[in-house]
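Q: I'm new to this one, and I'd rather know a single part well than skim everything. Please pick a part and take me through it slowly.

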Amino acid sequence: MATINLVDLKKNYGSVPAVKGINLSVKDGELIVLVGPSGCGKSTLLRMVAGLESVTSGRIEIAGRDVVKAEPAERDIAMVFQNYALYPHMTVRQNLEYGLKNRGTPREEIDRRVKEAADILEIGPMLDRKPRQLSGGQRQRVAMGRAIVREPAAFLFDEPLSNLDAKLRVQMRVEIRKLQRRLKTTSLYVTHDQLEAMTLADRLVVMNNGLVEQLGTPTEVYDRPATLFVAGFIGSPPMNLLSLESIAGAPGFEGLNLPDGTDVIGIRPDQLVLDQPTGQNLALAASVELLEPIGGESHLHVRLTGSNQAVILSVPGRPDIAEGAAVTLYARPADLHPFNRESGRRTDTAVANP
Amino acid sequence: MVENRPFLSFLTHLVLIVGVVIVVFPVYLAFVASTHGNGDFLSGLVPLLPGPNLIENYRLMLTEGISTAGAPPLWIMLGNSLVIAIIIAVGKIAISLLSAYAIVFFKFPFRLLAFWIIFITLMLPVEVRIIPTFKVVADLGLLNSYVGLTLPLIASATATFLFRQFFLTIPDELMEAARVDGAGPLKFFRDILLPLSRTNIAALFVILFIYGWVQYLWPLLVTTDSRYYTVVMGIKRLAATADGEPQWHLVMAAVMLAMLPPVLVVIFMQRLFVKGLVETEK
Ligand SMILES: Nc1ncnc2c1ncn2[C@@H]1O[C@H](COP(=O)(O)OP(=O)(O)OP(=O)(O)O)[C@@H](O)[C@H]1O
Ligand SMILES: [Mg+2]
């Protein structure tokens, strides 16, 4: 159990910056998810915390101790790798024990911890098998087990579920969450799967291009994306980002009272509706291009009349709408996210939307 | 690929049998020759069936050798060959494991250069550099010694290259996991790299043992003392007796004995291969 503090952390590969100055403090027992598009520096950041990558500048403190110059083994962290990185020639038990043996942990203590981890992860019956005799999900558990037995100050996960099939991923995601709650070990978790990010995180760090775009709880990030990038990245289907001109003439626009500098309006697909709501609202005329039923809801692809901008709505059920039909989309003013294209940031910083 | 056509299977078997006969017949002939007595070959006709002198010939060769040819008893030469082949194989494997480890897992200045220099020496087999090597070994006073017999043959670009290729297939994460688990470079080498290389080591051992066993030119040059003769060069001395006909029955007994250890090594190590192949470690 420990806090992790990153202070102005930077990493250059040669002259190419990969991480451009990250400040982050992780509270004791918190699970922080780093999410962002491929190549944004998530893994690099995590590997710097692990000590597998050298630091160009900045500070890393684990449990209050500056560890920038410490070897990975001295940092009291455990890492779970994307491809598990189990030692192929060792049995599951030996895999779990290896790190403890290297630290000179007494035999009884090793046995106790291995047994405990095996019980938690339900890998007891597999302890004497080699990794190649396990399924992907079981290997994943063993990799987790190897981290647990160490009882480290922090867990670092680098996309630990991305090699599993969709169903197993959901299951393991839940298990990781439960496990982390139970052990209360400070954790950094890298993923590019936003569902994983939203469900696992105590707090979410959205990264882009080596920088933090936004830091907040998943609901904060979803409800009030701080930048255009976050708005487009978090949420599926992504938020509709409409230029101000394309909606300027629409009924209800006058009463919007947008902050100064707003030139882009973001609207979540599920906050656009086809039936006029009570109260003040914005009404956009559009024509339907495509209706995609995806089970409980449908994605409606439409084009705004006039500006020709493509917009996606998610509507409940399977509405009976023909392609080419003219529709009107309604949005409540409170559901609009105003942005400035130039700065890429929100223009209303004051209170959260009701 | 598996087809059930009688003619095809007849043909494939025929080819195989012809191949086996071509390979085995000379060996058989050598064996037959080694079981006959002195003078059975003078007629010019080579007998095709084993004779009665098997035990006698082999006993004579093993314990006494042919003193007229200046060759010591065969067991000394076999022992020398065995020692030399093992030193060469083990030495080559140890050195190339370490150099491949350094080249693949450590970042130091000029590591690529180091690799290429090692690689280029592939083009310089013993025979090419034999005269300077001989000069060096002679100046160091290493003629007629096991060190002189083995040291110049130990450095091995081939084995280094093979281990390098194997190490490159080991995912970086494995080393990183070991680092997080508190294994330093030597521990990682011993606990993870070596066990993973087991099959490669076994395969190379067989190849290098035989390489060491069949060395002819180098032992011929650096040994003048019959105590250090190896069996392969010894056979040459046996065959080249100064006075008259070579004693073929004895020479062939020596040949058969010289063939035995490599065959044993292959048979014994084959188990390890098959085991390694069946339970792939990765
Ligand atoms: N060893 C390296 N040498 C040079 N550049 C590197 C190296 N490792 C990573 N980079 C660069 O640093 C940037 C960040 O890489 P990183 O692996 O952290 O991305 P990521 O966010 O983990 O992406 P992904 O989601 O695809 O794993 C990338 O632009 C990458 O090209
Ligand atoms: Mg990554």
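A: Let's get our bearings first. In this predicted model, 40 Å separate the centres of domain 1 and domain 2 of chain A, taken over C-alpha atoms. Domain 1 of chain A covers 4-223 and domain 2 covers 238-339, with bounds that come from an automatic or database domain assignment.

A quick word on the bookkeeping. Residues count from 1 along each chain as its sequence is written, and chains are lettered from A and ligands numbered from 1 in the order they are written. Because this is a prediction, local features need pLDDT of at least 70 and side-chain atom pairs pLDDT 80 or more, while totals for chains, interfaces and linings use all residues; side-chain values use heavy atoms, leaving out hydrogens and water.

The largest pocket holds about 580 Å³ of space. (A pocket is an open set of points on a 1 Å grid over the protein atoms alone, where a 1.4 Å probe fits, with protein on both sides within 12 Å along at least five of seven lines; lining residues have an atom within 4 Å of a point. Grid points are joined across faces, edges and corners, and the volume is the space filled by probe spheres set on them.)

Some 23 residues line the largest pocket, and B:Phe105, B:Phe106, B:Lys107, B:Met175 and B:Arg179 lie nearest its centre. Helices H3 (74-105), H7 (157-168), H8 (172-180) and H9 (185-196) of chain B each give two or more residues to that lining, helices being DSSP runs of H or I, at least four residues, numbered from the N terminus. H8(B) gives the most, with four residues. Sort the lining of the largest pocket by class and you get 13 nonpolar, two polar and eight charged residues. (Ala, Val, Leu, Ile, Met, Phe, Trp, Tyr, Cys and Pro count as nonpolar, Asp, Glu, Lys and Arg as charged, and the others, Gly among them, as polar.)

By class, the second largest pocket is lined by 15 nonpolar, six polar and three charged residues.
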